[in-house]
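Please keep the sequence and the model in view while reading.

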Amino acid sequence: MIESNSFHTDDGAEIVWREMGQGRPLLLIHGFMSEADTNWIKYGHAATLADAGYRVIMPDLRAHGLSGKPHAPSCYPADILADDQFALLAHLGIEDYDLGGYSLGGRTVARMLARGAQPGKAIISGMGLQGLTQTGNRGAHFREVFDNLGHHEKGSAAWMAEAFLKTTGGDPLALRNILETFVDTSEAEIARWDLPVGIVCGEQDDDNGSAADLAALLRHGKLFTVPGNHMSAVTKPELGQAFVAALKADF
């Protein structure tokens, strides 16, 4: 059974989250232009994690899914996505938890860790080292996507991103503002993290740089590879299984 709830952040944005399962809280953060249903529920990953004994908490990020989609640039200060997750945890009264995210969700996990989040374990998925340390690269790619909607060459990376935007019914104006919230996380910051961090990534996924390099930089990091590329890995049951493995592993 999936429960849906919402709350308002200090700046008035509505954040919707869904829950499944009982047990240790696990905050899961979806990827850019996606939402909790597509990333975690549709392909069974949330159910897999719930069956493994987790209370799976899945917010729709600001500007995504069922959450608020303000257009004002003032609603998108740097690191606001991490701020929203800290606010959700405070709203729920949760202090002892695990944390995971895919793509932009993985980058948000990194920003939370850089700013002092203390989960028991963390998972950064669909993300490589450069995607954390040089966020401007992906930001430039998506600006090009949004600034030229309807004019991308069929089959190109930009065309595929626009196609995904259409399938999720995303709001281009709100989503483009998200790009201005990105903050780089330095290699020195990443190397200081003193908790177990699982790196889960598709075998053909190098959209955000090297997942192996990210795992190697971590004090307590371990790489878990799954079939697929950045888009297709989400559709495969191995992704949810790898999340369980990363959360249960000793490393």
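G65 is partly exposed, with a relative accessible area of 28%; on this scale, buried means under 20%, exposed over 50% and partly exposed in between, for a 1.4 Å probe and protein chains only. The model is a predicted one, in which local features need pLDDT of at least 70, side-chain atom pairs count only at pLDDT 80 or more, and totals for chains, interfaces and linings use all residues. Residues are numbered from 1 along each chain as its sequence is written, and side-chain values use heavy atoms, with hydrogens and water left out.

G65 belongs to the loop between strand 4 and helix 3. Helices (H or I, at least four residues) and strands (E, at least two) are DSSP runs numbered from the N terminus. Not counting residues up to four places away in sequence, G65 touches S34, E35 and D60, where contact means heavy atoms within 4.5 Å. A233 lies 168 residues from G65 along the chain, and the C-alpha atoms of the two are separated by 20 Å.

The loop between strand 4 (54-59) and helix 3 (80-92) also holds A63. Most residues other than glycine have a negative phi. A63, although not a glycine, has a positive phi of about 75°, and its relative accessible area of 1% makes A63 buried. M33 is likewise not a glycine and has a positive phi, of about 70°. M33 is located in the loop between strand 3 (24-29) and helix 1 (36-41) and is buried, at 4% relative accessible area.

What is the state of Q22, buried or exposed? With 69% relative accessibility, Q22 counts as exposed. Q22 sits in the loop between strand 2 (14-20) and strand 3. Beyond the neighbours within four places in sequence, Q22 is in contact with G53, Y54 and R55. For Q22 and Y54, which are 32 residues apart along the chain, the C-alpha separation is 5.6 Å.

Attention now turns to helix packing. Two packed helices are described by the angle between their axes and the distance between the axes. Helix 3 packs against helix 4 (residues 104-114) at an angle of about 75°, and the axes are 9 Å apart. Helix 3 is therefore roughly perpendicular to helix 4, a term that covers angles of 65 to 115 degrees. Helix 3 contributes L81, A82, Q85, F86 and L89 to the contact, and helix 4 contributes L104, T108, R111 and M112. By class, this contact comprises 6 nonpolar, 2 polar and 1 charged residues.

Helix 4 is mostly covered, with 10 of its 11 residues buried; among them are G105, G106, V109 and A110. Just after helix 4, G116 adopts a positive phi of about 105°.

The chain as a whole contains 11 helices and 8 strands. Its radius of gyration is 17 Å, close to the 18 Å that the globule rule gives for 251 residues, so the chain is as compact as a globular protein of that length. The radius is taken over C-alpha atoms, and the rule is 2.2 Å times the number of residues to the power 0.38. Along its principal axes, the C-alpha trace spans about 50 × 35 × 35 Å. Buried residues account for 53% of the 251 residues. Of the contacts between residues at least 6 apart in sequence, 72% join residues at least 24 apart.

Key: Axes fitted to C-alpha atoms, helices over the stretch in contact; angles between N-to-C directions. Parallel < 35°, antiparallel > 145°, perpendicular 65-115°, else oblique. Nonpolar A, V, L, I, M, F, W, Y, C, P; charged D, E, K, R; others polar.
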